[in-house]
Every structure is written in structure tokens, then in C-alpha cells.
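Subject: A structure for you to look at

Hi there,

Here is the structure I promised to pass on. Please open it alongside this email and follow along as you read.

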Amino acid sequence: NYWSDNARIHGSLASSTSKRTHPLRPVSRGPAQGVSEKTSGIWAGVSRGPAQGVSEKTNRVRASVPWNILPEPWNSTMLEWQRTAFHFQPEKNWMNGPLFYNGWYHFFYQYNPNGAVWGDIVWGHAVSKDLINWFHLPLAMVADQWYDKNGVWTGSATILPDGKIVMLYTGSTTEAVQVQNLAFPANHSDPFLIDWVKYHGNPVLVPPPGIYKKDFRDPTTAWLTSEGKWRITIGSKRDKTGISLVYDTKDFINYEMLEAELHAVSGTGMWECVDFFPVSKTEEKGLDTSINGPEVKHVVKVSLDDDRHDYYALGTYHEKNGSWIPDLPEIDVGIGIRYDYGIFYASKTFYDQNKNRRVLWGWIGEGDSEAADMEKGWASLQSIPRTILFDNKTGTNLLQWPVEEIESLRLNGTEFEKVEVKAGSVAPLDVGPGSQLDIIAEFEIDKEALKKATGSNITFSCQTGGGAAKSGALGPFGILVLADESLSEQTPVYFYIAKDSDGDLKTFFCTDLSRSSKAPDVDKQIFGSYVPVLKDENLSLRVLVDHSIVESFAQGGRTVITSRIYPTEAINGASRVFLFNNATETCVTASVKIWQMDSAFIRPYSDDDDKDDDDRKSSAP
Amino acid sequence: MKNLIVILFAFLVCQANAFRPILLLGNQNLIERTCKQTPFYDLCIWSLKSNPESRDASVKKLAQIMVDSLKTKATETFDLIDELLQDGLALDPEMQKALTSCAERYNVIIRGDVPEINAALKTGDYKFAAKGANDAAIEANSCEIEFPTKSPLTDMNKVVHDVSVVVASIVKIIQTKFSF
């Protein structure tokens, strides 16, 4: 009976004060040193000295290096501006098993309590009523067993029909073998699920014959088969072919591996964080993971270790042998559509039974140097959660859209109707400071210009197209965010309509980081992809700007780009928004609505919150 | 004739341990083939061959040897920066500022990047090894460009940068070619 109390662990309560111990310095930083209260999170910082392998010699050197010197060109104002206002971010995080339980959304994330680089991974934990405002809770699980000593890695939660939760997660053992372990809440009536119990018989799954011991991780949420068993899938690889193994179980303790893999795609390498879920072809709502039927398509999503991107594909699930066939093999998973064409990895969805929606969440890493990360005292954050719907207009894409709760942060809005932006011009949008914004824009192109424009036989792509500064007949045009008055720093988010020599039009959606910052040590790529645009559709975009993160959605979320921006000038009051049109043969008419965004609270839970919680219960979303 | 048989037998026994066909050709060849896939062949060859542990090493071990080399070179650079800073009176303020900034960056390489690479190599989550190595290259480069005029660290920054790039390249080989 796995509800026994063996191997009980108590999530260690990390310090919830605003003090931190910098991994490279013994001096703690708090509000007095410019670190705001709002940004304090769990920091189970442990100072490292000679006992932990840091040589005496380096200690001696540090005495002669003044601590307030930052590597050029960074100063503390620039670095502190980077902290986001409404994105989830503790010191360091990776994606794990989000779920909704007993009135709260739970987020378990990969966390390194010892530093701003990856390592020593344990499970952080936070809860929210609305996926936007979060309370930090104590660490849920730490690496205290031989089977997860080298890392308490990704897992997934399954909610059983009786409402109880089981969690399967990957542990890296003392020998660095990847195994799957079972855990469950110590107390199911605790809405905060603070304490977790690891099953005394762990691990429940070890790498099967023929699978390398370091290619076996990230078990999915389970779904029911027609025989009443639970089925999960786990990503792996054979040589260079990415695969996903399938297991059936009745009790989450004993498993039988199916002969067939869920799917395999050659050349894609290791499949991490596999996600498998149904979407409705006809209704605009999410589906529980166990749902199947003719009105349903199944999505397979993988995170490719080789290129650090998340891919998905739509197809049909064959329940009898546990396999899945893609609708279009040419855009099979791993070689076709990406959730996000910028920085976005290790994402996973969960079914939110509270609001009948499927919610996607991804991990966003940094694009700056680790020196800057250590100065800031934090690294990585989560995207804003996105609802996932089947795009029945194209039939090939999923639509992602920020959860509606984000709109509760909207403050004053400003509307700009039908602004004409002539070819080769820039138009400022006066909305005040531009670090926390929600922007929705629609663009009309002159139909005649589309017909008359010169075609080209050069194949366009965002990456090779020369960025926003390179003019074409019908693009680029869009908006500039995190731009200063003189445009010495700017981040264009734009469309580019490419016309080939046969006269066919193809639209691209891009974000250009090449002039986003004067600093030399940040990522400056151009991101983007083709976006399907149907006849009679206007071009539309939505952009969430939150300090150093910009999330851009085109055509209702058909194509999405998340980027990390680190300006040195376009920060605080100097940050502006502009419309721009760098096309040579068309005028563009834009209608824009821009809201200032309030900050969310993301902080440790305190006793005062118990009282607020009772008040809030009666007005829960 | 007997000697020939003995030699042949010894050869066969050695090869029995090298189950991957590539290794049948001897580890010399593995080092060369690995280094050919990095942008700094000579540096790679020299760094690996000068370490006796590279003799029967797997690709993963070769990566580890390079990481150790990175740590050594970074530490040497850090020590040099320390020496130059202690010679404080002789330095102009700009030089001092650049050196201090470099010290911070090298601190990050030694105490952030290298441990991250090692942890990732150990547990098999190779993308974090690549991340650490790529960052080390950025830190070394960023240090070099801080000096407004002549940098006293040019050679050492270049070595650290190039060794980091070699580490990243070998990690890529492990990631995309081998199951170990």
C-alpha cells in the first residue's frame, strides 16, 4: 500500500527573508542594497568556502577586488531593471509538474538553491489562485535519497478519479543513472501540498535493456486506456533517433512496457519533456488527458536536447498498441512546428479542470552572460501561462494565448486608431514608460500594393532576412519596443510579407535583437518563422513587454516568439514604443491598443495571507 | 613466429575491450578525429595529448580533460589578474577598472561555469555543459574587449576562449553522436 508513511520527507523551509547569500560573495544583499522587497523569493543560499572546494587562493584575491565593480557595460540600475514584474521567477528555475488542486494552482519547478547556474537540482514550489500572483512555499522535494541524489528532475502529476494526486519524477541516482520515482502528498487535505512522501520502493522504473542509462527521463501525466489501466510515456533515444517509450500500470508501482513506441523520428536526438495530450477539433475548450474519440486530435510535443527547442505535431492516437501517427510526416514532431521561435524550452501543459482549459507553460532562460546573472542574483523565468486550442482554421497549428487572468493587471489603456505609417517611416506611440505593457495591434496593407509589388526569387527567412533594417517591397513593418527616444536601442517585432517570382505571398513573423542593446555580451539573434495567414485575415499581433522579457503572438497565437532583452539605455523612463514601416512599396495602417501593466506579487507566503485567503475564497476567480 | 602470435593475440585482447568499431583503430585516432571536429585543432590536440589520461579515453573523458584544462588556464589568468592588481600603484584607473571587471568574469568561469559543466557531464544533461562552456568563452572575450588600449591578458584570454569553444564542440559530439 503506497500510502504508507515510509521515506517521509519534509520540504526544508528555505529562508523566506530578503537576505541572500551570493554564491561568490559572503555578503548578503537586501533592501538596503537596492534589492527590492518585491523581488525576494526563496533563497536557501549556502555560502561556499574552502570546505566546499573553493580554494583559499581565490578567497585571498577577492579581498583585493572591490565588490561594487560590475563587468562593463553593466551598472546596477541596468541589471535591476531586468527583473520582471509579472513573470514567475525565483533565483533559478526549470519546468516541472503544474497542476490545479483544491482551489490552488501549484507550480513545482527545478531549482538550484546553491547558485545562479544549473546544478544541485531540487523541487521548488509555489501556489497561485490565478496563475499570475504567486506565493513561494518551502521546497517540495530535495535530493535526499540515493535514487535522486544527483538531481530531483522533471516529473508530472496525475490526478486520480478520486481526486488524489500521484507524482512520477525522474531522479538522477548516485551513479548518475536516470530512474523514475513515485511520490505523493503526505496530506491530501492540505490545500498547499507542502509535504511530500517518496514511495519506499523507489525507483519504480529503471532504464530498460537497450536504452542508455542517461537517456531515460521526464515521465508524462498518465491517461486511462480502454482497459482501465494508466498509460505514460517517457522520452529517450536510440542512436540519433528520438523516441518515446510507453508503459502501462494499474498502481503506478508495477509497469509493463509496450512493444511499440509512441513515436520515433530519426535525426532528432534525445527527446526530453515529452508531452502528450488531446485537443478538441470542434470546441474551444481544453480536454482532460484521458479523453479520446472522433472529435479529438492528439498532440505529441518534445523538447529537443540537441537544439534546445520545443516542437509539436498533430496526429492520431492508436490506443490498441499505444502508438501515434502524425497527420503530416513532413512536419513531424522535432522537424516541424515549434511552440515558440525564440527562447522557450522544457514546456509542458496541464489540464486545468477549474476552468476546462489546457494550459502551457515554458521555461525561459537568460540571453546574457552568467557574470551578469550572478550580479543580478537570479537567472531564468517562466513564460506567462498560455491556453492551448486547436486552430481549426489551418488544421495544422495550435493556438497559444496568454491566460485571461493576465488582463487583470491592465491599468490605463490608450487606443490609436488607423494610424497611417508611410513607407520608410517611424511613428511614436505615446503611452508613457514602456517596460510593462500589453500591446494589441492590427495592420492593414494596401491591397493594390500587394498585387503590384515586385516578387523575388530569394527565399526569405527571419534569420537570414537582414532584420528590421533590411527593406523589402512588402516588409518589414510592425512595432518597436524597449526603444529609446533616439532609437539607439530598439527591439522590432514585425511582419514581413514575401512575394515570390510566381506572385505567391508568404508572411513571416520575426523579432530582431541585433540592435536591442549596446552591450556586447548579450544574445542578438533574429528569431521568427513563417506564419499562416488566411484570406481576408488582417495581420494582428499581441506583445507582452515585461522588462527583460518580450512575448509576441501573431494571428491569435498561431506563431509565437519569446525573447530576452537587455538594454543599457532603453530602461525605466527612457523606454518607448513606436510603429515602424520599413517596406518600400506599401503604406501600412495600424490600429493599436496599449495598456500599462501592473506588477504581480510573487513572494513567500506569510501568516497574514491566511486571513486574506479567507476573504479571497468568496471572490475566487 | 611465436613472437608474432603473441603480438597478434595481445592486439586482439586489447581490441576486445574497445567494443565500438571506431576505437579498433586506436585511441590516437579518436583524439585526432575528435579534434578535427573542433575549430581549434592544434590547441585541442596539444591539450589532450599532453595529458596521459587521454591515452585510452572515451570521448566523454576527453571532454573532461578539456574542462580540467579550462579550469587550469582560467585559474592561471585569474592569478595573473590578481598579481597585476596588487601592483596597483603602477596602474592607471582605466586599466584597474578593466582588470577588476576581468577578475569578476574569471571568478564566474572558475566557480560558475566549470562546476556547471562538470555537473552536467556527470549526469548526462549535456546542454548545460554546452551552456557553461559557451558562457566561459563569452566571459573571456568580454574581458578582452574591456581594455581601451593594450590588454595585458590577450594571449591568456584567447587560450581560455578557445579552450572553452573546444569543450563546447566536444560536448556537441557527445550529444549528437554517442550514447554515453
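Below is what I found, starting with confidence and then moving through the two chains.

Please keep in mind that this is a predicted model. Chain A has an average pLDDT of 85, with 85% of the residues scoring at least 70. Where pLDDT is low, the predicted coordinates should not be read in detail.

Next, a region of chain A with an annotation. UniProt, in an unreviewed entry, places the feature "domain: Glycosyl hydrolase family 32 C-terminal" at residues 405-596 of chain A. This span is 49% strand and 3% helix, and its end C-alpha atoms are 15 Å apart.

The axes of α5(B), residues 93-123, and α6(B), residues 126-144, come within 8 Å and cross at roughly 165 degrees. Angles over 145 degrees count as roughly antiparallel, so α5(B) is roughly antiparallel to α6(B). The crossing of α5(B) past α6(B) is left-handed.

Which residues make the contact? On α5(B) they include C102(B), Y106(B), I109(B) and I117(B), and on α6(B) they include F128(B), A133(B), A136(B) and A140(B). By class, this contact of α5(B) with α6(B) has 14 nonpolar, 6 charged and 2 polar residues.

Enjoy exploring!

Definitions and conventions
Residues are numbered from 1 along each chain as its sequence is written. Chains are lettered from A and ligands numbered from 1 in the order in which they are written. This is a predicted model: local features need pLDDT of at least 70, side-chain atom pairs count only at pLDDT 80 or more; totals for chains, interfaces and linings use all residues. Side-chain values use heavy atoms; hydrogens and water are left out. Axes are lines fitted to C-alpha atoms, for helices over the stretch in contact, and angles run from 0 to 180 degrees between N-to-C directions. Helices (H or I, at least four residues) and strands (E, at least two) are DSSP runs, numbered from the N terminus. Angles under 35 degrees count as roughly parallel, over 145 as roughly antiparallel, 65 to 115 as roughly perpendicular and the rest as oblique. A crossing is left-handed if the near helix is turned anticlockwise from the far one by less than a right angle, and right-handed if clockwise. Contact means heavy atoms within 4.5 Å. Ala, Val, Leu, Ile, Met, Phe, Trp, Tyr, Cys and Pro count as nonpolar, Asp, Glu, Lys and Arg as charged, and the others, Gly among them, as polar. UniProt positions are given in the numbering used here, feature names are shortened, and annotations may be inferred rather than shown by experiment. pLDDT is the predictor's confidence in each residue, from 0 to 100.
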